[in-house]
Amino acid sequence: MDIDKLSTLEILKLINKEDSLISSAVQKAIPEIGKVVEFAVTALKNGNRIIYIGAGTSGRLGILDASEIPPTFSAPREWFTGVIAGGAEAIFRSIESAEDIPKDAERDLNAVDIKKGDVLIGIASSSTTPYVIAGDRKSTRLNSITFLYLVCRLLLEKKKEEKTKNNRKQIKK
């Protein structure tokens, strides 16, 4: 799609249409989300933490969530933390290629002292982000629990499937 060729109104309608997919996607994922919440609650009760890891916007969203949970839900600040490819500077400014340095994930998780029993939540818009994958591997070696949310990729694959089905229908006509 050539979004830059659309009018402002067409762009806004397109964004709104895409946003409408979120609710049904979340509804379908509720059983899995429930399992993650149960693991997280158990980890916290056992004295462990929730650690978010991501790159770019995904990393910023993890840091935002880790920052907002304590004041919103009166939770202790030490229960939640986030790490982002490129470090603190990447929170405010894009650092290109930071997601492509897997060894930084290990360094960053060591810096927050990830340990057995912690829950690592990896956030990525694809299943190929080296920084997040390396964080998962580090977590696995420690026998921590890792959950990877690859939501954007799943939606893109669904859209490709729908487009392929629509193309097949048009060809059959």
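Modeller: Let us begin with R107 and D108, whose side chains meet in a salt bridge at 2.9 Å, N to O. This is a predicted model, in which local features need pLDDT of at least 70 and side-chain atom pairs count only at pLDDT 80 or more, while totals for chains, interfaces and linings use all residues. Residues are numbered from 1 along each chain as its sequence is written, and side-chain values use heavy atoms, with hydrogens and water left out.

Biologist: Why is the pair of R107 and D108 called a salt bridge?

Modeller: The term requires a side-chain nitrogen of Lys or Arg within 4 Å of a carboxyl oxygen of Asp or Glu. The N to O value for R107 and D108 is 2.9 Å, so the pair meets the definition. Side chains of opposite charge can pair when their charged atoms come close.

Biologist: How do you know whether R107 and D108 are buried or exposed?

Modeller: Buried means under 20% relative accessible area, exposed over 50%, and partly exposed in between, with a 1.4 Å probe and protein chains only. R107, at 45%, is therefore partly exposed, whereas D108, at 11%, is buried.

Biologist: What makes the link between D104 and R107 a polar contact?

Modeller: A polar contact is a pair of N or O atoms within 3.5 Å; within protein, one must be able to donate a hydrogen and the other to accept it, and residues adjacent in sequence count only if both atoms are side-chain atoms. The side chains of D104 and R107 are joined at 3.2 Å, so the contact falls within the limit. D104 lies in helix α4 and is buried, with a relative accessible area of 12%.

Biologist: Which salt bridges does E106 form with K138 and R141, and what are their N to O values?

Modeller: E106 meets K138 at 3.8 Å and R141 at 2.6 Å. E106 in helix α4 and R141 in helix α5 are 35 residues apart. For K138 and E106, the elements are helix α5 (residues 130-141) and helix α4 (residues 102-111), so this pair ties together parts that are 32 residues apart in sequence. Helices are DSSP runs of H or I with at least four residues, strands are E runs of at least two, and both are numbered from the N terminus.

Biologist: How do you know which class K138, E106 and R141 belong to?

Modeller: K138 has 10% relative accessibility and so counts as buried. E106, at 32%, is partly exposed, and R141, at 52%, is exposed.

Biologist: What makes a group of residues a nonpolar core, and which residues touch the most other members of the largest one?

Modeller: A nonpolar core is a set of buried Ala, Val, Leu, Ile, Met, Phe, Trp, Tyr and Cys residues joined through side-chain atoms within 4.5 Å. The largest has 14 residues, of which I50, Y52, I69, F80, V119 and I121 touch the most other members. Helix α1 gives the most to this core, with four residues. A second, separate core of 13 residues includes I53, V83, A105 and L109.
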